[in-house]
Structures are given as C-alpha cells and as structure tokens.
Amino acid sequence: MGIPASLGHDLKLPVIAAPMFLVSGPDLVVGCCNAGVIGTFPSLNQRTTEGYCEWLNEIRARLGPDAAAFGVNHIVHPTNARLKADLAVTIEHKVPLVITSLGANADIVEAVHSYGGVIFHDVTTARHARSATKTGVDGLILVANGAGGHGGAVNPFALYNEVRQFFDGTIILSGCLSTGGDVATARMLGADFAYMGTRFITTDESLASAEYKEMIIRSVAADITYTPAVSGMLANFMTASLIAHNVDPHQNSVHQPNIGDEAKAWKTIWSAGQGVGTVHDVLSVRDLVARLRSQHDEAVATFFSTSRE
Ligand SMILES: Cc1cc2nc3c(=O)[nH]c(=O)nc-3n(C[C@H](O)[C@H](O)[C@H](O)COP(=O)(O)O)c2cc1C
C-alpha cells in the first residue's frame, strides 16, 4: 500500500517522530511538521482532555503552509480513563494520523476512517500484528528490539519479513533508527516509514530536561537495560537512571519504586532505546531533519554507486 496519500503531502523524508510520554509536545510536533516529517504526541502528555484540545488548536495554528501531517497517540487500555473523551476530541479535530498502542479496536478504526483519518497500530510481535489486521488498521508499526519505551524483543528483519507475508498495508519500522542511513535501510527492507523516538529526545524542542538529554548523549547501547522493574511491562531505560532511583537493573521482577504512580516513574527514570550510541548532540528539529535527509541521500547514492560496480 505504501504511504497513504493524505500523509504523503509535503513529506520531505518518510519519517515519523514517534510519540513519547512526557517528551513530545506542540513545539516538537510543529518543528517536525514544518521541517517536513510527521510529528506526533501522546494525548496523555496533557493533563486533561481540555488541555489536549488546546494543544491541537495550538498545533494547527502554528503549522506552516507546507507542513507535513501530524498525529496523536492513544493508549487503548482499560486503565486509560481518558480514552473516550480524548478520542471524541481527536474525531472532532479530524486529526490526520491516529496511532493506537496496546489495544487494536475496530470501532476506533471506523471512527477515524469516518472523517478521512489514517490509523496505525503499534505491535511488538507477528501474533499481535495478525490480530490487529482484523480491525482494519491502515498501517502497522513494528516495534522491534532495542526500541525506546516498551520496545519489543524481536529482530527487525525477522519481524518485518514475517508480517509482510500476511499484511500489505503500510509498514512503519521502529527501534534504534537514529541516522538518515538507518532510514534508508528501513526503506530498503521494505518499510514505508521509519519511526524514530530516541533521536528526537535530544532536540531543542523536546520536553526532556537538559540532564536527560545529557545522559542520552553519554550513553551507548550497553548502557540500556530492558526491564519490567519500573512499570511491570518490559521497557528500555538508561541503566544510570535506574540506579539513581534505587532500581536494581538486574532484577527481573516488578520493583515498586517509592515514587508513586507510573507517570511519575517515567518522569524520573529515563527511557531511551539502544540507538543512543549514535546520538551525540542537542540540536533543533529543523537541523536534525536536514541532517537526516542528507545522510539518507548519501546512503542511497553510495549504495547505488557501489552496487553498479
Ligand atoms: C521516553 C519515551 C517515551 C515513550 N512514550 C510512548 C508513548 O507514550 N506511547 C507510545 O506509543 N510509544 C511511546 N514510546 C515509544 C516510541 O513511540 C517509539 O516506538 C520508540 O521510541 C522507537 O524506538 P527508538 O526510541 O529506538 O527510536 C516512548 C519512547 C520513549 C523513548
């Protein structure tokens, strides 16, 4: 299927800046879209549904005439008490791209399609991918091993190749994609979009603190721990951040850090993917996208020049 027509306009590189809890806000979304890649955020990054609605108004007002599309992430899970109200706002505002996590739901797919929106669902296994296809989603985000947040455990080649055998919709590859060369590689594999989280944390526009950004710059893949200790679900965190909050990086059981609810845990214990080893600076989204584009074009040119020899 490739890139849905409604998302292809003014797209300068097939990249989606992934939604990140407590990291993505209007500045990051607007920066991405105005630079020509798709910007997204979790609706829960605003404390209330009214606040979420205000962010949508702000984003629309700040998008330039040549901006790429933007998207919103909803957590489809019984613990998300805001889901119904936030979805109503998404539908009312006709958000161009909706990304669902945890639960794929045919009613939500139908509601998004009813106003002409596109809906992608994120999965970490081929089994979940197969059941999501039954809901009619337009695309599947394959969250492979090493990805920031609740990353998967499956190798990206294995996951992509398995899912492609039964799904011909849009495929978005996620996990450790940090450079323009990585974007080119994802496309070469057959993915329609690269989904990049960690690389966008160290931008001027992200909501992450300076200390969080510095820790990412200092880290390499070996500094990332995949653990259920923080929230009960396996996720990737920077080991130094776990240790700083007395969470043993080697324990496999759920640790109950004395810091209240999960939202608070994610605020103090910092997540990042194994792609940190190629993140060396803090820069504006505009400069990052320009760099990704030139790295991408160089990788493609090098591939074609060497493959003809
Ligand atoms: C700090 C952080 C917060 C995240 N929060 C969310 C979230 O709220 N919803 C979601 O669907 N994915 C979330 N993710 C996962 C990303 O959307 C994306 O799948 C992942 O970052 C891609 O891997 P990468 O970080 O290696 O590029 C988060 C990732 C990070 C690093």
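Colleague: How many residues of strand β2 (residues 38-42) are buried?

Modeller: Strands here are DSSP runs of E, at least two residues long, and helices are runs of H or I, at least four, both numbered from the N terminus. Buried means under 20% relative accessible area, exposed over 50%, and partly exposed in between (1.4 Å probe, protein chains only). The rest of the structure largely encloses β2, because the buried residues number five of the five.

Colleague: What pLDDT do side-chain atom pairs need to count?

Modeller: Residues are numbered from 1 along each chain as its sequence is written, and side-chain values use heavy atoms, without hydrogens or water. This is a predicted model, so totals for chains, interfaces and linings use all residues, local features need pLDDT of at least 70, and side-chain atom pairs count only at pLDDT 80 or more.

Colleague: Which residue of β2 is the bridge partner of Ile16?

Modeller: Strands pair if DSSP finds at least two bridges between them. β1 (residues 15-17) and β2 run parallel, joined by two bridges. The partner of Ile16 is Ile38.

Colleague: And which residue of β3 is the bridge partner of Phe41?

Modeller: β2 and β3 (residues 70-75) also run parallel, with four bridges. In β3, Phe41 has as its partner Val72.

Colleague: Which helix does the chain cross through from β2 to β3?

Modeller: A crossover is right-handed if, with the strands pointing away from the viewer, the path from the first strand over the helix to the second runs clockwise. This β-α-β crossover is right-handed. The chain passes through residues 49-62, helix α3.

Colleague: What is the average twist from one strand to the next in the barrel?

Modeller: The closed barrel has eight strands, β1-β2-β3-β4-β5-β6-β7-β8, with parallel pairing. Axes are lines fitted to C-alpha atoms, for helices over the stretch in contact, and angles run from 0 to 180 degrees between N-to-C directions. The twist from strand to strand averages 25 degrees.

Colleague: At about what angle does α2 run to β2?

Modeller: Contact means heavy atoms within 4.5 Å. α2 lies across β1, β2 and β3. Its angle to β2 is about 165 degrees.

Colleague: How many residues are in the largest nonpolar core?

Modeller: Such a core is a set of buried Ala, Val, Leu, Ile, Met, Phe, Trp, Tyr and Cys residues joined through side-chain atoms within 4.5 Å. Leu140, Leu142, Val163 and Phe200 have the most contacts inside the largest one. Its size in residues is 67.

Colleague: What is the relative accessible area of Thr202?

Modeller: Thr202 sits in the loop between α9 (198-201) and α10 (210-218). Beyond four places in sequence, its contacts include Lys213, Ile216, Val279 and Leu283. Thr202 counts as buried because its relative accessible area is 0%.

Colleague: Which residue's backbone oxygen does the side chain of Ser241 reach?

Modeller: Ser241 lies in helix α11 (residues 239-244) and counts as buried, at 1% relative accessibility. A polar contact is a pair of N or O atoms within 3.5 Å; within protein, one must be able to donate a hydrogen and the other to accept it, and residues adjacent in sequence count only if both atoms are side-chain atoms. At 3.5 Å, the side chain of Ser241 reaches the backbone oxygen of Thr268.
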